[in-house]
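Please keep the sequence and the coordinates in view while reading.

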Amino acid sequence: MTTVCSLSARGVGAVLLLAGLWVCSQAQAQAQAQTQAYMQEQVEVQALDQLEPLDQIQDQAQQQEQEEQTPAQRPNIVLILADDLGFSDIAPYGSEIHTPSLSALAARGIQFTNYHTAASCAPTRGMLLTGVESHRNGVPNIPETIPPELEQYPNYRGTLGHNVVTVASLLQDAGYHTYMAGKWHLGKTPDLLPYRRGFERTVTMADTGADNWEQKPYIPIYKRANWFADGERFDLPEDFYSSRFLIDKTIEFIDSNRGDGQPFFAYVPFQAVHIPVQAPQEFTNKYMGVYDRGWDVLRAQRQARAIELGVVPADSAMVRMSTTNDWDSYNADEQRYHAKRMAVYAGMVDAMDHHIGRLIEYLKLSGQYDNTVFIFTSDNGSEASGGDSPRSPALQLSLSLQDYNNDYDTLGTRGSFNYIGPSFASAAAAPLAFYKFYAGEGGMRVPLIIAGGSIPAAQRQTGAFVWVTDIAPTILELTGVNRPSARYGGKPVEPMLGRSLVPLLRGEVARVYDPQDAIGYELAGNSALFQGDFKIVRNRGPVGDNRWHLFDIVKDPGETRDLSELMPERLLEMQSLYDAYVLANGVRPVPADYNEELQGVLNGVRNRFGSQILLGLLGFLVLAPCYVIYRSRRSGTRRA
Ligand SMILES: [Ca+2]
């Protein structure tokens with residue numbers, strides 16, 4: 001599996017570092033080869049650097065116009081983002097996991113069954129908060145895995161550009177209190193922190209992930225877990241569990257200004273259920289025994305329940321991923337271990353729901369609930385990284401170097417490093433194919449629930465296609481706030497191209513995209529284009545075949561029947577639309593030998609240890625063969 005997260009699980013510590021040292025030399029060679037191109041791009045990069053942070057500057061005219069247009073009682077908005085939560089990981093989508101708070105929201109509002117987002121963290125977050133396509137907002141990939149050939153381009157920095165405006169900035173300008181508690185991952189320099197991107201109060205973790213029990217990096221590419229509060233470095237309290245803490249802070253922020261007449265926008269991007277998968281023991285205990293029959297049984301159960309709930313069509317099928325292992329090939333002890341890995345995961349989802357429930361309860365008790373709209377979703381599909389051999393001695397060693405263990409008895413508690421691996425991840429995405437990082441439905445189709453405020457209180461589902469850039473425009477329409485004009489703070493900004501879902505929420509329309517509308521997508525070379533009921537998709541290795549396939553994702557959300565040969569003209573037409581998307585948005589091809597996991601190691605070592613390590617590495621690479629030859633000759637001499 002690809003990604004930084006997989007590094008975490010598979011090769012944490014010494015293994016990762018050694019691999020990183022080896023590949024670092026390749027990075028330097030690649031960087032040198034790209035010097036020419038880099039120099040050509042510098043002028044553009046420097047020009048971008050000179051821009052002042054837009055969000056600091058109030059556009060007075062726009063604000064005044066806004067205030068004149070805003071309705072009398074504007075709703076509060078709570079935007080909750082789970083991390084790496086699979087399509088069927090919560091009860092309204094077919095999960096066996098107990099999520100009563102989210103079930104209540106789904107029953108009260110509208111549940112989307114055909115919502116799509118990017119297949120990894122930061123690209124989703126950039127699009128979610130700006131309504132601007134990822135190659136236009138500066139975050140086409142997570143910065144940890146962008147290859148040097150691409151990171152020279154201004155739109156490939158992996159941090160949120162100053163050519164876009166966040167929905168938080170727009171709401172703040174319109175008189176909203178804006179709060180954030182959770183994972184940011186859109187840049188950690190002062191001008192890029194959420195405190196400077198429209199959020200009035202913040203407590204935020206800036207990395208791909210972090211430990212849920214203490215201030216500790218989960219992978220050694222980070223020297224520390226980078227937490228910030230209101231723009232300053234922040235030390236977590238001793239009594240910390242991520243989901244509880246983030247909701248505590250959200251409540252604290254909201255309550256600090258309660259009753260002052262201003263509505264609020266609260267953004268709550270949980271760490272749950274990103275690696276390391278950790279949960280309080282009492283939540284894990286609820287799921288002990290639930291997964292004893294393995295991932296294939298779970299996947300079938302979730303498919304059946306999703307069909308029963310109308311989340312997918314009754315006749316929808318599933319593919320079995322090549323990465324799914326044979327449950328029966330494991331002995332009883334191994335099965336017991338795997339089942340507990342998943343029990344901790346379920347406990348982490350359950351705990352997140354529990355703490356969402358605490359926020360809802362606070363809002364009810366304080367009289368703010370009725371005027372609050374909740375938006376719940378996930379930043380990408382389930383995480384398959386790490387493999388299904390968590391007890392290997394190499395992993396044990398590397399975990400111990402990071403002061404982690406993955407012992408059975410304490411799995412998921414403080415000091416424990418846990419993840420579910422590819423086989424259970426496929427069940428978490430059931431009944432969809434693929435998972436995080438891939439452009440398959442399992443990577444991109446995730447839950448979306450919108451409920452509360454003036455949204456009609458009826459349990460409804462919609463199978464309308466909607467896209468992550470639609471969330472920001474929806475929030476703006478719900479709050480009566482204008483989209484940014486061509487300039488913000490006196491500088492040009494990208495237009496917000498997403499569509500407001502409000503007409504859909506109110507039942508006025510059945511869809512916001514017409515059958516001919518095309519939505520393109522690319523992340524690390526995995527590509528897709530959506531049009532009407534259809535999708536073309538091309539996934540790179542190691543799981544994909546790097547070829548285009550065509551699916552009807554309404555009738556066949558499991559992507560089981562490739563229609564390429566049946567509908568060659570449609571395939572060609574959609575490929576042509578994809579090419580147009582690439583040209584229009586500055587999408588650049590990844591190098592042919594690009595490997596996301598390897599790149600994560602390489603970038604991580606370079607960023608943490610700098611170029612000096614490269615000199616040492618080069619010396620090692622020169623000397624190592626000499627040493628091997630010397631040893632072999634001595635050995636040969638002795639034998640002789
Ligand atoms: Ca994620």
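Does Phe112 count as buried or exposed, and how many C-beta neighbours does Phe112 have inside 10 Å? Phe112 has 24 C-beta neighbours inside 10 Å and therefore counts as buried; by the convention used here, a residue is buried if 20 or more other C-beta atoms lie within 10 Å of its own, exposed if 12 or fewer, and partly exposed in between, with C-beta atoms placed from the backbone.

The model is a predicted one, in which local features need pLDDT of at least 70 and side-chain atom pairs count only at pLDDT 80 or more, while totals for chains, interfaces and linings use all residues. Residues are numbered from 1 along each chain as its sequence is written.

**Overall composition**

The protein contains 21 helices and 18 strands, where helices (H or I, at least four residues) and strands (E, at least two) are DSSP runs numbered from the N terminus. Of its 640 residues, 54% count as buried. Among contacts with a separation of 6 or more, 76% come from residues 24 or more positions apart, a contact being a pair of residues whose C-beta atoms, placed from the backbone, lie within 7 Å.

**The sheet**

An open sheet of 10 strands runs in the order β7-β6-β5-β4-β8-β1-β9-β10-β2-β11, with mixed pairing; two strands are said to pair if DSSP finds at least two bridges between them. The edges are taken by β7 (232-233) and β11 (460-462), each of which has a single partner strand, so one side of each is left without a neighbour in the sheet. In general, strands of a sheet pair through backbone hydrogen bonds, either parallel or antiparallel. Several of the pairings are listed below.

| Strand pair | Direction | Bridges |
|---|---|---|
| β1 and β9 | parallel | seven bridges |
| β1 and β8 | parallel | five bridges |
| β4 and β5 | parallel | five bridges |
| β9 and β10 | antiparallel | five bridges |
| β2 and β10 | antiparallel | three bridges |

Strand β1 (residues 76-82) has seven of its seven residues buried, so it is largely enclosed by the rest of the structure. In a regular strand the side chains alternate between the two faces of the sheet. In β1, Asn76, Val78, Ile80 and Ala82 point one way and Ile77, Leu79 and Leu81 the other way, and all are buried.

Although Phe112 and Leu448 are 336 residues apart along the chain, their C-alpha atoms are separated by 5.3 Å. Leaving aside neighbours within four places in sequence, Phe112 is in contact with Leu448, Thr462 and Val466.

Elsewhere in the sheet, the bridge partner of Lys183 is Met205 in β5.

**Helices around the sheet**

Helix α5 (residues 100-108) packs on the sheet, touching β2, β9 and β10, and its direction makes about 70° with that of β10. Axes here are lines fitted to C-alpha atoms, for helices over the stretch in contact, and angles run from 0 to 180 degrees between N-to-C directions. Helix α10 (residues 242-256) lies across β4, β5 and β8 (264-269), running at about 170° to β4.

Helix α5 also packs against helix α13 (residues 332-365) at an angle of about 60°, with their axes 7 Å apart. That angle makes α5 oblique to α13, given that angles under 35 degrees count as roughly parallel, over 145 as roughly antiparallel, 65 to 115 as roughly perpendicular and the rest as oblique. In this contact, Pro100, Ser101 and Leu102 in α5 meet Asp353, Ile356, Gly357 and Ile360 in α13. The residues of the contact divide into four nonpolar, two polar and one charged, with Ala, Val, Leu, Ile, Met, Phe, Trp, Tyr, Cys and Pro counted as nonpolar, Asp, Glu, Lys and Arg as charged, and the others, Gly among them, as polar.

**An enclosed helix**

Helix α6 (residues 121-130) has 10 of its 10 residues buried, so it is largely enclosed by the rest of the structure. The buried residues of α6 pack against α7 (134-137), α9 (167-173), α17 (471-479) and β15 (518-523). Gly131, whose phi is positive, near 70°, follows α6.

Notes. Two residues are in contact if their C-beta atoms, placed from the backbone, lie within 7 Å.
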